[in-house]
Amino acid sequence: MYAPHSIRIEGDVTLGGLFPVHAKGPSGVPCGDIKRENGIHRLEAMLYALDQINSDPNLLPNVTLGARILDTCSRDTYALEQSLTFVQALIQKDTSDVRCTNGEPPVFVKPEKVVGVIGASGSSVSIMVANILRLFQIPQISYASTAPELSDDRRYDFFSRVVPPDSFQAQAMVDIVKALGWNYVSTLASEGSYGEKGVESFTQISKEAGGLCIAQSVRIPQERKDRTVDFDRIIKQLLDTPNSRAVVIFANDEDIKQILAAAKRADQVGHFLWVGSDSWGSKVNPLHQHEDIAEGAITIQPKRATVEGTWLVPSGKCSQMAAAGQWPKWFDAYFTSRTLENNRRNVWFAEYWEENFNCKLTISGSKKEDTDRKCTGSAGTPVMFNKNGDAPGRYDIFQYQTTNTTTPGYRLIGQWTDELQLNMEELQWGRGARQIPASVCTLPCKPGQRKKTQKGAPCCWTCEPCDGYQYQADEVTCQHCPYDQRPDENRTGCRSIPIVKLEWHSPWALIPVFLAMLGIVATVFVVATFIRYNDTPIVRASGRELSYVLLGGIFLCYTITFLMIATPDVAVCAFRRVFLGLGMCISYAALLTKTNRIYRIFEQGKRSVTAPRLISPSSQLAIASSLISVQLLGVFVWFGVDPPNVVVDYDEHKTLNPELARGVLKCDISDLQIICSLGYSILLMVTCTVYAIKTRGVPENFNEAKPIGFTMYTTCIVWLAFIPIFFGTAQSAEKLYIQTTTLTISMNLSASVALGMLYMPKVYIIIFHPELNVQKRKRSFKAVVTAATMSSRLSHKPSDRPNGEAKTELCENVDPNNCIPPVRKSVQKSVTWYTLPPTV
């Protein structure tokens with residue numbers, strides 16, 4: 001009679017067996033409820049294997065295998081205590097001091113010697129048992145322990161297993177998670193070696209693989225007072241990271257069942273995406289009454305093959321099945337044929353029967369007659385071990401499906417043998433959805449946004465847009481586009497910045513072009529008039545040579561407008577440099593020569609009657625030419641130092657909004673170079689203005705002194721307004737248009753002022769009052785000088801002059817009515833008119 005907590009089968013060679021027939025009991029109780037799949041099924045598989053071996057005369061002839069099978073109750077300490085049974089035969093006992101009551105030495109029943117142990121199931125139990133068995137050199141082969149540390153052949157040199165270690169299934173689970181596009185998962189582990197080491201392997205492999213982050217690692221404690229409260233708290237903790245929907249589970253059957261129940265109580269059907277280890281596999285028991293919460297769960301289990309063998313069936317049953325072609329799966333048929341009568345060797349089978357059929361038994365000793373027959377079958381797949389005593393990693397991948405299927409249950413969706421083979425078309429999620437649900441910390445960034453990862457969580461990031469002139473170079477980097485490019489619409493690349501120039505049809509160009517055309521027409525008309533009436537007194541008295549030079553400068557001031565608006569090329573840029581300041585230089589050189597001549601004449605006249613030097617027409621042209629040559633010399637030096645070229649300026653129109661950015665096609669003339677080019681002309685203009693001020697006291701209409709003065713005053717005002725406008729818009733987005741328009745209009749106005757004040761009155765007299773364009777009398781230079789001296793003396797008030805004489809004025813104009821002195825109306829004396837010697 002043997003203890004009810006063990007099975008003993010006689011044989012020539014005895015094998016030990018360790019199975020979790022019962023679950024772990026509550027505090028203070030070693031064993032709990034019976035475990036059907038992991039316990040009774042596996043135990044019966046060992047008994048079936050013993051039957052197959054013992055019934056096959058070719059495997060172990062003349063040798064019968066026996067067994068001593070113990071219950072570990074899923075607890076490592078209890079299993080260690082039970083496993084001492086296996087080493088009793090190897091322990092030497094000192095019985096010299098032991099005597100029976102009658103004085104005789106005791107007789108001990110020698111325990112059977114166990115040559116090897118099959119088991120255990122849980123990794124923590126196998127580790128505990130392996131530590132005691134290795135001391136007695138008893139080999140141990142596990143059918144379910146997958147902890148990676150058991151691969152250490154130095155510590156567990158007598159341990160092997162027929163299942164791959166967790167490192168393989170952890171790798172397989174990492175591959176599955178990444179194949180589904182999940183990068184943010186939580187882990188859930190039963191306390192103990194299997195759960196904790198499995199999660200540790202998964203975490204380590206995921207870090208090495210990259211692109212996968214662990215949101216939470218939750219551990220299910222072994223000792224717990226209130227199961228419901230503990231598992232509800234775990235579900236609440238998992239919900240703290242709602243984006244981490246995928247939960248990788250390394251847990252035992254009971255913990256899986258409780259966690260599914262807690263998720264259902266929390267009304268989280270369809271939220272969690274379960275990824276179960278081989279402890280879940282394809283078992284149905286943990287899912288009982290929780291099928292809806294487990295829908296879509298992906299599980300793995302080591303590859304299995306149906307082992308055919310001998311099945312003991314009632315007489316006549318085998319022939320009937322063979323005739324009908326209904327050959328069964330051998331172990332399934334064997335197990336389903338077990339009854340209380342034909343399975344008395346399994347001391348826990350009655351308890352299993354009560355649990356499975358929800359009944360109470362009163363077992364009567366009965367035994368059926370041995371009328372069975374043998375039906376033989378073929379062998380299964382070979383069993384292999386690597387150098388660490390581990391089986392190779394070969395897994396089937398299942399998904400639990402309840403929708404769109406006639407038979408709800410586990411469906412094979414792939415396999416893993418060193419690499420993942422997953423049939424995506426077979427996947428199905430809650431309510432039959434085909435689209436893979438997301439389990440990511442942060443959704444992928446939109447195009448044109450970069451990932452800014454959070455510290456310590458590389459799978460969590462914030463999306464920052466690439467702003468300004470940046471584009472998305474890669475997932476985490478924004479880079480600036482090249483100098484001549486801007487981001488495209490999606491900011492995933494760069495495109496060329498459009499190139500613009502001042503167009504003829506632009507309003508910024510139409511106004512100065514219109515003014516320039518009017519000015520050119522007026523200038524040509526004046527020149528034509530002067531040529532037509534070249535020998536008339538007004539034309540001759542105006543200084544024909546300098547007048548034509550001045551009109552040529554005015555003409556160039558108008559034509560520069562067209563060069564400033566024309567499409568830039570090397571030729572246009574060269575002409576711009578030459579004519580930009582040349583027109584003004586010619587104009588003010590001629591005016592300066594005129595005002596200087598007037599000033600010198602009257603200043604000389606105050607001291608002597610000798611004519612000043614260099615007042616002849618040729619001298620005047622030479623002076624003007626020398627002044628103009630300075631401008632040309634500066635331009636030629638500019639050409640030598642910096643040859644003209646065309647550039648595209650991207651800074652001028654590089655606005656904050658890249659869509660408005662433009663490249664400006666222009667000549668390589670900077671603002672400073674423009675001012676320098678005009679600087680000499682402005683210097684001539686200022687000098688001319690100074691002479692105009694000095695000669696303001698000469699007689700009216702004497703060699704145009706007063707009109708020249710008014711011209712220079714007006715021109716100075718125009719250019720004083722030009723400078724702040726030109727430099728004040730240097731940073732404007734419309735710089736090209738404003739500065740070009742301002743410059744051309746300023747030059748047009750300068751030319752128009754000179755043309756209007758100096759020549760339009762003369763043209764008016766020549767055309768409309770030809771009677772005034774006649775010469776009445778001449779005076780010598782001596783008379784002119786005398787008149788100038790008298791003019792300076794008669795500049796007092798009329799009341800201070802003797803006999804009430806009005807001042808005497810000298811006029812170049814031959815018309816006495818054009819020169820009316822400012823005298824009192826009641827008195828007007830005779831006026832003497834003087835004319836300078838002809839300039840030709």
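**Strand pairing and helices in the predicted model**

Strand β24 (residues 646-653) and strand β25 (residues 662-667) run antiparallel and are joined by five bridges. Here strands are DSSP runs of E with at least two residues, helices are runs of H or I with at least four, and both are numbered from the N terminus; two strands count as paired if DSSP finds at least two bridges between them. Within this pairing, V646 stands opposite C667 of β25. The model is a predicted one, in which local features need pLDDT of at least 70 and side-chain atom pairs count only at pLDDT 80 or more, while totals for chains, interfaces and linings use all residues. Residues are numbered from 1 along each chain as its sequence is written, and side-chain values use heavy atoms, with hydrogens and water left out.

Strand β25 has a further partner in β23 (residues 499-500), to which two bridges join it in the parallel sense. There, I499 is bridged to G663 of β25. Two residues separate β19 from β20, and the two strands form a hairpin.

Turning to the helices, α7 (residues 253-265) has 13 residues and reaches 19 Å from its first C-alpha to its last, close to the 18 Å expected; the expected span is 1.5 Å times one less than the number of residues. Just after the helix, D267 takes a positive phi of about 55 degrees. Buried residues of α7 include D253, D255, I256 and L260, where buried means under 20% relative accessible area, exposed over 50%, and partly exposed in between (1.4 Å probe, protein chains only).

Because 16 of the 22 residues are buried, α14 is largely enclosed by the rest of the structure.

Helix α12 (residues 507-532) contains L515, a residue that is partly exposed, with a relative accessible area of 30%. Together with I511, F514 and L518, L515 makes a nonpolar surface patch of about 370 Å². Patches are made of residues with over 30% relative accessible area and no salt bridge, like charges being joined within 9 Å and nonpolar side chains (Val, Leu, Ile, Met, Phe, Trp, Tyr) within 5 Å. A salt bridge is a side-chain nitrogen of Lys or Arg within 4 Å of a carboxyl oxygen of Asp or Glu, and accessible areas come from the Shrake-Rupley method with a 1.4 Å probe.
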